[in-house]
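Please read them with the sequence and the coordinates open.

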Amino acid sequence: MTQQPQAVIELIPASQFSIGELTSIYNQTRVDYMVPMPMNAERLAEYIETYDVDLERSLVAMDGSGMRGVAMLGVRADRAWVTRLGVIPGTRKGGVGTALVRGLLEQSGLLGIDFNMLEVIKNNTPAHQLFFKLGFYEVGELLILRRAPLVPPIEPMIADARRLERYEALDLIGDDRGAQPWTNQSETLHHVTDISGLRLTLGDGSTGWLVYQRQKFLLSRFIYKTDTGDPAVMAYAFLSHLHHQYPRLDTRLENIHVSDPHLPGFRKMGYIESFRRIEMWRGEPPASLVHSK
Amino acid sequence: MKKILIVEDVPDNAELARKILASRGYEVLQAENAESGFQSALDHRPDLILLDLGLPDHDGLTLASWLRASDGFENLRIVAYTAWPPDTAREMSTSYGCDGFVAKPIISVVEFLAQIEPLLA
């Protein structure tokens, strides 16, 4: 049997395609995923804006037959993020994914950035191995959590509660929260309009705050910190107030560190694990990441 | 005639389910995203919704929670249609008020119908 010669792959800046075309290629690459996460053009445009995706430096892989894959690059100061990588089924194992990631790394290098980060769905072994091969290393596991609005009504824990306006919430998230996944970094929240927050002081003197996005049907993008006290108790207190206030809203949280000490409070409040991602880095993390502002 | 709404954005998956259900004599409606699925449910009041959990505008779980929070759908059956591992699919779909789940892709027509038809009895 003769082996088919591999087609020549050309990498084209994603900025040369319409959002509709990028949405189409992205969805085609995910169609057989266990968690496909399809998008429409509106959601992809929002994603590009929220996560500082640079379409000039993002890439579409083409061969003689058309679009074969896509990969996007988020850029923030001295760090970059590899995201939305996908290759159309039937074209995989032909070097398209490797070419795309190498292309993105070259693009971040041209910007003088030598630190790149990404998340990969746990058990997506081919992608995981590809990233290892290209110099990424594992940092930790991240949880995607959901809470249905159908659980019985919650009575809020007794606390001194104060609602925070958007400007106050954005001021708070500038606090040092350590290295965060790209999606949860302060820059992300600054791009989102419907942000507010909650500051609580419990009877025993514990204090902390929660910042969140509230959309018509969904609560998401939680950023939180326990200033003093037990994080699990504080998390339960935040959530009891939030879900008491919005009992009919669905909740989806992305990329919560598996070692987050607040997690027992989430589980007690009815949050369940949807799936996991592995966070991977390449290069030495810059000070701007470790001391996120 | 019982009415089934398929909410699924991948045409091949939707078409296969439609053919199977239509061949059994059900009236089959289709929608390709959560918002049009919700509107179709309001307009046509189906007996059962076969609901893809990964939709391009809002995900299927969010749509399930809208339906369960809305008046007039007390008798609606919702079946999640997903490639998630069975344990995760069961836990997520149950917590969002679904009555069951079927694995994607459909491998066995007999098994697929065995998961749908008892809910319409």
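1. In chain B, 5 strands make an open sheet with parallel pairing, in the order β2-β1-β3-β4-β5. Its edge strands, β2 (27-31) and β5 (100-103) of chain B, each pair on one side only. Neighbouring strands of this sheet are turned against each other by 20° on average, direction ignored. Helices (H or I, at least four residues) and strands (E, at least two) are DSSP runs, numbered from the N terminus; two strands pair if DSSP finds at least two bridges between them.

2. This is a predicted model, in which local features need pLDDT of at least 70 and side-chain atom pairs count only at pLDDT 80 or more, while totals for chains, interfaces and linings use all residues. Residues are numbered from 1 along each chain as its sequence is written, and chains are lettered from A and ligands numbered from 1 in the order in which they are written.

3. Strand β4 (residues 77-82) of chain B is joined to β5(B) by 4 bridges, and the two run parallel. Opposite B:V79 stands B:G100 in β5(B).

4. Two helices lie across strands of chain B. Helix α1 (residues 11-23) of chain B lies across β1 (3-7), β2 and β3 (48-52) of chain B, at about 165° to β2(B). Helix α5 (residues 109-116) of chain B lies across β3, β4 and β5 of chain B, at about 170° to β5(B). Axes are lines fitted to C-alpha atoms, for helices over the stretch in contact, and angles run from 0 to 180 degrees between N-to-C directions. Contact requires C-beta atoms, placed from the backbone, within 7 Å.

5. Chain A has 9 helices and 12 strands. The radius of gyration of chain A (over C-alpha atoms) is 21 Å, close to the 19 Å that the globule rule (2.2 Å times the number of residues to the power 0.38) gives for 293 residues, so chain A is as compact as a globular protein of that length.

6. Chain A is divided into domain 1 (10-114) and domain 2 (146-280), with bounds from an automatic or database domain assignment. The centres of these two domains of chain A, taken over C-alpha atoms, are 30 Å apart. In chain A, 8 residues of domain 1 are in contact with 7 residues of domain 2. On the side of domain 1 of chain A that touches domain 2, α2 (41-50) and β3 (66-76) of chain A each supply at least two residues.

7. A:Q185 lies in the loop between α5 (166-172) and α6 (186-190) of chain A. A:Q185 is buried (20 or more other C-beta atoms, placed from the backbone, within 10 Å of its own), with 25 such atoms.

Conventions: A residue is buried if 20 or more other C-beta atoms lie within 10 Å of its own, exposed if 12 or fewer, and partly exposed in between; C-beta atoms are placed from the backbone.
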